[in-house]
Amino acid sequence: MEFLCYHRDRTGSLSLRYELNDAHLSYMDGFTKEMIARGPTFADDGETLTGSVHILDLPDPAAARAFAFDEPNYRAGAYRDVLVRRWHNALGRTMWDFPGGRTGGNRYLVLGLGTGEAADLALPPEPKELIAYGPLLSDDGTLWLGTAALLRAPDPATARAILTHDLYADIEVHNWESGGRPS
């Protein structure tokens, strides 16, 4: 089962995030085989950390919650909240398989929070800039709760347009970059 975990930073926790970076990376090293995508999100300035997204293949919802809540930054209070949702990997690949590489261009996390009928289940007509894409689901996989994408786009408005605007309660767009230890 695949899951998306998005940890949102608590205001004023930047120094704590930097202090815990080695512990965070070591924790993530334990999930290398399960990782589909990962990386930090940033404010509009492109430098100030605002959160951390991880998409993983884990055995069940309990394992996903354990992953999210045992993370060192969460345990130390650096995050204000955590979104943990079952997710379906519509592209069937990891961020490391993205043909565009790990760097270059503006990259975004787009979260569409659903209300009602499922939307955007099929891949967009031009998926070549998609790094990861799929629906957010209930723990049992039967209820659509939204859609999440990681993509390369020229600007936030273009990134947001990947989803059908009027079919969501809210669409969030976050600056994002591929995470992990430098190679």
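This is a predicted model: local features need pLDDT of at least 70, side-chain atom pairs count only at pLDDT 80 or more; totals for chains, interfaces and linings use all residues.
Colleague: Let's begin with Arg 17. Why is Arg 17 called buried?

Modeller: Arg 17 has a relative accessible area of 8%. Buried means under 20%, so with 8% Arg 17 counts as buried.

Colleague: Where does Arg 17 lie, and which residues does it touch?

Modeller: Arg 17 lies in helix H1. Leaving out residues up to four places away in sequence, Arg 17 touches Asp 9, Leu 49, Gly 51, Ser 52, Asn 73, Ala 78 and Tyr 79.

Colleague: What makes you say "touches" there?

Modeller: Contact means heavy atoms within 4.5 Å, and Arg 17 touches each of those residues, Asp 9 and Tyr 79 among them, in that sense.

Colleague: Now Ala 76. Why is Ala 76 called partly exposed?

Modeller: The relative accessible area of Ala 76 is 41%. Buried would be under 20% and exposed over 50%, with partly exposed in between, so 41% puts Ala 76 in the partly exposed class.

Colleague: And what surrounds Ala 76?

Modeller: Ala 76 sits in helix H4, residues 72–76. If you set aside neighbours within four places in sequence, Ala 76 is in contact with Leu 16 and Leu 20. The C-alpha atoms of Ala 76 and Ser 13 are separated by 9.8 Å, although these two are 63 residues apart along the chain.

Colleague: On to the strands. What makes E2 largely enclosed?

Modeller: Count its buried residues: eight of the eight residues of E2 are buried, so E2 is largely enclosed by the rest of the structure.

Colleague: How do you know that E2 and E3 pair?

Modeller: Two strands pair if there are at least two bridges between them. Seven bridges join E2 to E3, so the two strands pair, and they run antiparallel.

Colleague: What about E2 and E8: how many bridges join them?

Modeller: Two bridges join E2 to E8, residues 168–176, and the strands run antiparallel. Pairing takes at least two bridges, so E2 and E8 do pair. Thr 41 stands opposite Trp 176 in E8, and Phe 42 stands opposite Asn 175 in E8.

Colleague: Which strand pairs with E8 over seven bridges?

Modeller: That's E5, residues 107–114, and the sense is antiparallel. Gly 112 has Ile 171 in E8 as its bridge partner.

Colleague: Last topic, the pockets. How do you find empty space in a model?

Modeller: Rolling a probe the size of a water molecule over the atoms shows where empty space is left. Here the largest pocket has a volume of about 420 Å³. Of the 21 residues that line the largest pocket, Asn 21, Leu 25, Pro 40, Glu 177 and Gly 180 are the closest to its centre.

Colleague: Which element gives the most to the lining of the largest pocket?

Modeller: E2 does, with four residues. The lining of the largest pocket divides into six nonpolar, 10 polar and five charged residues.

Colleague: And what is the volume of the second largest pocket?

Modeller: The second largest pocket has a volume of about 180 Å³. Its lining has 13 residues, and Asp 9, Arg 10, Thr 11, Leu 49 and Thr 50 lie nearest its centre. E1 supplies the largest share of the lining of the second largest pocket, three residues. By class, this lining has three nonpolar, six polar and four charged residues.

Note on methods: Residues are numbered from 1 along each chain as its sequence is written. Side-chain values use heavy atoms; hydrogens and water are left out. On a 1 Å grid over the protein atoms alone, a cavity is a set of points where a 1.4 Å probe fits but cannot get out, and a pocket is an open set with protein on both sides within 12 Å along at least five of seven lines; lining residues have an atom within 4 Å of a point. Grid points are joined across faces, edges and corners, and a volume is the space filled by probe spheres set on the points. Ala, Val, Leu, Ile, Met, Phe, Trp, Tyr, Cys and Pro count as nonpolar, Asp, Glu, Lys and Arg as charged, and the others, Gly among them, as polar. Buried means under 20% relative accessible area, exposed over 50%, partly exposed in between (1.4 Å probe, protein chains only).
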